[in-house]
Amino acid sequence: MCLAVPGKVISIDESNPELKMAKVNFNGVMKNVCVQWLPDLMIGEYVLVHVGFALNKIDEKEALETIQILKEMGDLENNEESEIT
Amino acid sequence: MKYIDEFRNAELIGNLVKKLLQVTTQNWKIMEVCGGQTHTILKYNLEELLPKKISLIHGPGCPVCVTPLEFIDKAIALAEQSDIILTSFGDMLRVPGSKSDLLNVKAQGGDVRMIYSTLDAIKIAEENQNKEVVFFGVGFETTAPANAMAVYEAQRRNLKNFSVLCSHVLVPPAIEALLSSSEVSIQGFLAAGHVCTVMGYEQYIPLAEKYKIPIVITGFEPVDILNGVLLSVIQLESGKYEVENQYKRVVTKEGNVQAKKLLDEIFEVTDRKWRGIGTIPNSGYKLRDRYSAFDAELKFNLKNIEVEESKICIAGKVLQGLKKPFECSAFGKECSPEHPLGAPMVSTEGACAAYFHYSKRN
Ligand code: SF4
């Protein structure tokens, strides 16, 4: 039920100020998504979508940082191992 | 796909598994609250990758599962009326009520429609002014804003033929109920990332303090879940109990302020009954009085229906993490996804169905 999927914003329709909509690309599948709760959304950004509503933008910097930390975890490990041998 | 593949990456999973083996010295029980996370854990067999000392307990975070049977019966009673179009998300249509389910009502001529977004229900109401359109909506804080938006739009468009049958449940009071129960022994929580995307995580800080338990806001991909477990274990091993955010790419401390504003406009907090668990104080949303014209229970004067649950089903114990699905004598025998006796077998996010699909017995 709480499934939410990332997608890329292709266009934004602000003609109705109470119901801002966007075309979102989910790996080739286009859907109309309500983006009313993301006032500063821009084309090209990624959003996390649940039942037709964008819950938030996906922060690229934070995503890369998480991945970087987890990558380094392995590098440290390998260095330690090579020092021992 | 971007933001999915990276978080299923084998190298990162390997790093996390190694690190977990290094830091774990004691036995720890950690509960993942959300059914979506349970699904990922079973699908990727993550329990196999964890050190033996760590056990994952599957929590009550499947809104389909915890929706009371009598509520499903109410939806069925509405769908059976010839002047009503009943709309809902796909997973609600299969949930068995005490005698039938919504797909069955549809097969017998009822107008039951599966929708993708709550705005579809609004559209259906606009196009069918001679009929009543009811949206059957359950869900946690993740889904509640979408339902709130439907009510808000119905009001704005002055739709008189739209109403919602809604039973929303809230995560923090359920966590508190589990923590204050003497039967349940959990030492760490992975909180549901998508609930927190909307709500933020301020509400969890007093819980972590009061019950001296680490709460890690966690995403839904395998890397996220292992990372959430690792952060919990690091805290547990060093005697810490803080709220930590693993899912920083979408969760902020304050959550989505606009969505929260809308929730507050439409709903107020109320006591809710959770199937298998019982009534938890202040654990749900109901429509505020000024939106009561959109409340299907009032509009159609639905009587309280008394129902009996299956005697052999131990869903309540499963939902609280006290028993694993395969410890139920009916699991995979009288009870299967084709013929579910209890709700955790119905939704793919329910613990029983997840165990059944990925046939995991240990
Ligand atoms: S296996 Fe079926 S009967 Fe047993 S607890 Fe799960 S839903 Fe209930």
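1. Buried here means under 20% relative accessible area, exposed means over 50%, and partly exposed lies in between (1.4 Å probe, protein chains only). By that cut-off, the buried residues of H9(B) are Ala144(B), Pro145(B), Ala146(B), Asn147(B), Ala148(B), Met149(B), Ala150(B), Val151(B), Glu153(B) and Ala154(B). Ten of the 13 residues are buried, so H9(B) is largely enclosed by the rest of the structure.

2. On the basis of the model. This is a predicted model, in which local features need pLDDT of at least 70 and side-chain atom pairs count only at pLDDT 80 or more, while totals for chains, interfaces and linings use all residues. Residues are numbered from 1 along each chain as its sequence is written, chains are lettered from A and ligands numbered from 1 in the order in which they are written, and side-chain values use heavy atoms, with hydrogens and water left out.

3. On confidence. The model scores ipTM 0.90 and pTM 0.91. For chain B the mean pLDDT (the predictor's confidence in each residue, from 0 to 100) is 92. In that chain, 99% of residues reach 70 or more.

4. Back to H9(B). Helices (H or I, at least four residues) and strands (E, at least two) are DSSP runs, numbered from the N terminus. H9 of chain B covers residues 144-156. From first C-alpha to last, H9 reaches 18 Å, close to the 18 Å expected at 1.5 Å a residue; the expected span is 1.5 Å times one less than the number of residues. Asn158(B) follows H9(B) and has a positive phi, near 55 degrees.

5. The sheet of chain B. Five strands form an open sheet in the order E2-E1-E7-E8-E9, with parallel pairing. Two strands count as paired if DSSP finds at least two bridges between them. Strand E2 (54-61) and strand E9 (243-245) are the edges, each pairing on one side only. Neighbouring strands are turned by 25 degrees against each other on average, direction ignored. Axes are lines fitted to C-alpha atoms, for helices over the stretch in contact, and angles run from 0 to 180 degrees between N-to-C directions.

6. Bridges, strand by strand. E1 (residues 28-34) and E7 (residues 188-192) of chain B run parallel and share three bridges. Here Ile30(B) stands opposite Gly188(B). Four bridges join E7(B) to E8(B), again parallel. Phe189(B) has Ile215(B) as its bridge partner in E8(B). Three bridges then join E8(B) to E9(B), also parallel. There, Ile215(B) has Val243(B) as its bridge partner.

7. Which way do the residues of E8(B) point? Ile215(B) and Ile217(B) point one way, Val216(B) and Thr218(B) the other, and all are buried. In a regular strand the side chains alternate between the two faces of the sheet.

8. Val216(B) deserves a look. This residue sits in strand E8 (residues 215-218) of chain B. Its relative accessibility is 0%, so Val216(B) counts as buried. Contact means heavy atoms within 4.5 Å. Not counting residues up to four places away in sequence, Val216(B) touches Phe189(B), Leu190(B), Ala191(B), Gly228(B), Leu231(B), Ser232(B), Gln235(B), Glu244(B) and Gln246(B). Val216(B) and Glu242(B) are 26 residues apart in sequence and 8.0 Å apart in space, C-alpha to C-alpha.

9. Nonpolar cores. A nonpolar core is a set of buried Ala, Val, Leu, Ile, Met, Phe, Trp, Tyr and Cys residues joined through side-chain atoms within 4.5 Å. The largest has 144 residues, and those with the most contacts inside it are Phe136(B), Phe162(B), Phe189(B) and Tyr204(B). Helix H13 (residues 222-237) of chain B gives the largest share, eight residues. A second, separate core has eleven residues, including Val24(A), Val35(A), Val47(A) and Ala54(A). Among the residues touched by Phe162(B) are Ala150(B), Val151(B) and Ala154(B), which are also buried residues of H9(B).

10. Ser167(B) lies in strand E6 (residues 162-169) of chain B. At 5% relative accessibility, Ser167(B) is counted as buried. Its contacts beyond four places in sequence are Pro68(B), Phe71(B), Gly137(B), Val138(B), Gly139(B) and Arg272(B).

11. Two loop residues of chain A to check. Asn27(A) has a positive phi of about 50 degrees although it is not a glycine. Asn27(A) is in the loop between strand E2 (21-26) and strand E3 (29-34). Its relative accessible area is 61%, so Asn27(A) is exposed. Val51(A), also not a glycine, has a positive phi of about 35 degrees. Val51(A) is in the loop between strand E4 (46-50) and strand E5 (53-57). At 14% relative accessibility, Val51(A) counts as buried.
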